[in-house]
Amino acid sequence: MLSTTRLNGDGGEYLMTTDALLDNGSVAMAPAAFQRMFALSPNDQARMAYPTDFYKRLLTQFEVPQPQSWGGYASVRPNELYSMHFWLYSLLALPFYALLKLLNLNPAWAFGLLNLSFVCMCGAYLRTAMPRHWNVRMLLFLSLGTTLYLRWTGPEIMSACCVVVACVALLKGRPGLATLVAGIAASQNPSIIFIAPFAFAYWLFLRRRGGVAARRARRPGSRA
């Protein structure tokens, strides 16, 4: 499955942001970054489905900074482009991207490896939090479209895994973990942040229920 990973969806933006992070530690992309990709052999461009013609047009659109975005990018200064998508997913893919470039392998695989890492993280948490039949639950999660997105060069797998972990953590009375992973997912899919207030409300409910139970236990004549 990994070997067939190609840039798709918004993968070009995530790839170029990752490349910029590796090159200069910034999410700002200069025309030179695209020129490096254009200089790759046709075979190298084809193996990751790099949209060369699209990006050549993009650079002509932004020779001068424009007030409006185009093609998923915006320009606020001359020779400086920014992706319209948040950079966390690209940052997380950076170690895989650096290794693949070092080995001269398809850099688009970085996102497939990152997606697989999140699936493994999700499975590890389910095994810890729900040890009985966790594998059945994991298989159910994988069967609900997860495997179809493993090759997707975007954050959908990351978001889905974080939502599963957040919901299970919430049921296990761990609102802090639920809020953390929901926040990670919300960096790419903002509506997921609404898990956080539910986590806080559930935490208050558990504290209140625990306080009521403790008061009842202290009453004279209460059963141990």
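Let me begin with a definition: a residue is called buried under 20% relative accessible area, exposed over 50%, and partly exposed in between. By that rule Leu-99, at a relative accessible area of 47%, is partly exposed. The structure under discussion is a predicted model, and every value I quote is computed from it.

I shall start with the overall fold. The protein has 10 helices and 2 strands. Read from the N terminus, the order of elements is α-α-α-α-β-β-α-α-α-α-α-α. The C-alpha trace spans about 80 × 40 × 25 Å along its principal axes. The radius of gyration is 22 Å, whereas a compact globule of 224 residues would have a value near 17 Å. Of the 224 residues, 38% are buried. The accessible surface amounts to about 12,700 Å², and carbon and sulfur atoms account for 63% of that. As for the contacts, if we take those between residues at least 6 apart in sequence, 60% of them join residues at least 24 apart.

I turn now to the salt bridges, of which the structure holds 5. One of them pairs Asp-19 with Arg-36, with the closest N and O atoms 2.5 Å apart. This pair connects distant parts of the chain, since Asp-19 belongs to helix H1 (residues 11-24) and Arg-36 to helix H2 (residues 31-38), 17 residues apart. Are these two partners buried or exposed? Asp-19 has 2% relative accessibility and therefore counts as buried. Arg-36, with a relative accessible area of 33%, is partly exposed.

Arg-36 also meets Asp-23 in a salt bridge, at 3.8 Å from N to O. Because Arg-36 lies in helix H2 and Asp-23 in helix H1, this pair ties together parts that are 13 residues apart in sequence.

Another salt bridge joins the side chains of Glu-80 and Arg-77, at 2.8 Å from N to O. Glu-80 has a relative accessible area of 18%, and is therefore classed as buried. Arg-77 is partly exposed, at 46%.

Next, the region around helix H4. Pro-51 sits in the loop between helix H3 (42-47) and helix H4 (52-61). Its relative accessibility is 28%, so Pro-51 counts as partly exposed. Which residue lies 9.6 Å from Pro-51, C-alpha to C-alpha, although 43 residues apart in sequence? That residue is Asn-8. When neighbours within four places in sequence are left aside, Thr-52 is in contact with Phe-38 and Gln-45.

Let me come back to Leu-99, which is found in helix H5 (residues 88-102). Together with Leu-102, Leu-103 and Leu-105, Leu-99 forms a nonpolar patch on the surface, and the four have about 400 Å² of accessible area together.

Asn-104 lies in the loop between H5 and helix H6 (109-129). Its phi is near 60 degrees, which is a positive value in a residue other than glycine. At 53% relative accessibility, Asn-104 counts as exposed. His-133 likewise has a positive phi near 60 degrees and is a residue other than glycine. The place of His-133 is the loop between H6 and helix H7 (134-149).

My last item is helix H8, which covers residues 156-171. How far does this helix of 16 residues reach from its first C-alpha to its last? The span is 23 Å, close to the 22 Å expected at 1.5 Å a residue. The buried residues in H8 are Ile-157, Met-158, Ser-159, Cys-161, Cys-162, Val-165, Ala-166, Val-168, Ala-169 and Leu-170. An α-helix has 3.6 residues a turn, so residues three or four places apart point the same way. After H8 comes Gly-173, whose phi is positive, near 75 degrees.

Conventions
Residues numbered from 1 in each chain as written. Predicted model: local features only at pLDDT ≥ 70, side-chain atom pairs only at ≥ 80, totals over all residues. Heavy atoms only, no water. Patch = residues over 30% accessible without salt bridge, like charges linked within 9 Å, V, L, I, M, F, W, Y side chains within 5 Å. Areas by Shrake-Rupley, 256 points an atom, 1.4 Å probe, with all protein chains shown as cover. Helix = DSSP H or I, 4+ residues; strand = E, 2+ residues; numbered from the N terminus. Buried < 20%, exposed > 50% of the residue type's maximum accessible area, 1.4 Å probe, protein only. Expected span 1.5 Å × (residues − 1). Contact = heavy atoms within 4.5 Å. Rg over C-alpha atoms; globule rule 2.2 N^0.38 Å.
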